[in-house]
Amino acid sequence: MRGRLSIGWSVGAALAVLPAIGALPALADTLEAALTQTYVNNPTLNAQRALVRATDENVPQALSGYRPRVSITATAGEQSASTTTKSTSTNPATYSTLSGYNSPVSVGATITQTLFNGFQTANRTRQAEAQVLAARENLRATEQSTLLNAATAYMNLLRDTALLDLQRRNVEVLQEQLRQTRDRFNVGEVTRTDVAQSESSLAAGRSAVLTAESNYKTSVAVYRQVIGVDPGKLAAASPVDRYSPTSLATAISTGSAIHPSITAAQFNIDTALQAVKVAEGALYPTVGLQGNFTKNYLSTSTLTTMEAYNASVLGTLTIPVYQGGSEYSLIRQSKETLGQRRIELDTAREQVRQTIVQSWGQLEAAKGNIEATTAQVQSSEIALNGVREEARVGQRTTLDVLNAQQTLVNARASLVTAQRDRVVASYSLLAAVGRLSAQVLGLRAPTYNPKVHYEQVRDSWAGVRTPDGR
């Protein structure tokens, strides 16, 4: 009994002793299939993957600071001019007017290359790379939370399906109990009070069915939202203890080393550190090289065409002296942000440790709760059978039988819930340690590798299409 820790077994155990219950139908959907479906199609997870791909573009944007900038300009048009000249050498003064039009055309190109900018380009590149690594860790965190939500939704639906079936079977038993009580009342063996007590228990049972139906429908909706498909007949699920550390100390050390929230916080520190260096780079001189070429054409009204060109290669040196103080403020601001990121790392470590300890305790409690509820079900079954036998010989009342029946139903519901908690707790611990992933679980789905897109765009010099053709 203790070796089969699954909700599917709990349904059978919880319902086996009820009258007129047939075998459970064959189950189709599995938790592994649900997790695979979630890993491939969950919109939250896919949105986070798109965010990582967008973050990848920060690196080629930073690397563009090493590359030349080229621009071409062209102008063309018509000009009309009129000039009037006054001559005072004669008396009276004479005026002469010269007018006409011309058609200027100009074509030019400019090439600019930055040679030194206070190491800002190099630091921006390192900053962008740290942002990419942090985004990947955030993706791992989203993957963990999404898979945990999927496992929880699966187990909740499995639990609520079992509880709904349990409450419906309980109503059937209470209906039979009421029929028997009325028959005994008709022959004078019990009083009208016994009939009323049976009717009250039946009404309470029907109310419990309505509540169970509401919980079931809610679980179906959550399953559809998280996993992306409508549920079928769910199969039993087992814990994943084999992937988790065997001791609390090992779990804490493992989580402190690999949990994505901690590693993301570390990369955020790297990002903030490079932001400080970029801000400090604004205080350094800037050295650049600029090449210009211009070709001019001028056609006049006298059908005369003139051509001229100009070409130059110039080096530029810009030394910042004072720019209103904004650059100093930005440096101070970046340093404060760096301090914030370091504090956030300490917070992440403590949060991970707390979650691991909490998840470990919940798992241990779930294991013990299964043993307790299993013993409770067994004792409740024995007690109900005894109370029924005693009621037949007049030593127990109808109320005693109804109370024993309700105690058994509650015990079976507790066992179903304990089985659900056992499985979910194992997934929660795996997520708390930072090992809840498609690779660890061995899901049969293509593994999403964020490095592929990064390598595709990192050294791209031009082009507006994404690697997938959009």
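Colleague: Which residue of β3 is the bridge partner of A76?

Modeller: That's V105. This is a predicted model, where local features need pLDDT of at least 70, side-chain atom pairs count only at pLDDT 80 or more, and totals for chains, interfaces and linings use all residues. Residues are numbered from 1 along each chain as its sequence is written, and side-chain values use heavy atoms, with hydrogens and water left out.

Colleague: How do you know that β1 and β3 pair?

Modeller: Strands pair if DSSP finds at least two bridges between them. β1 and β3 (residues 94–116) have eight, in the antiparallel sense. Strands here are DSSP runs of E, at least two residues; helices are runs of H or I, at least four, and both are numbered from the N terminus.

Colleague: Why is β1 said to lie largely in the open?

Modeller: Buried means under 20% relative accessible area, exposed over 50%, partly exposed in between (1.4 Å probe, protein chains only). Of the eight residues of β1 (residues 69–76), zero are buried, so the strand lies largely in the open.

Colleague: What makes the buried residues of α7 line one face?

Modeller: In α7 (residues 248–258) the buried ones are A251, I252 and G255. Seen down the axis, they fall within an arc of 100 degrees, so they line one face of the helix. That arc is taken from the directions from the helix axis to the C-beta atoms. On the face turned away from the buried side sit the exposed A249 and A257.
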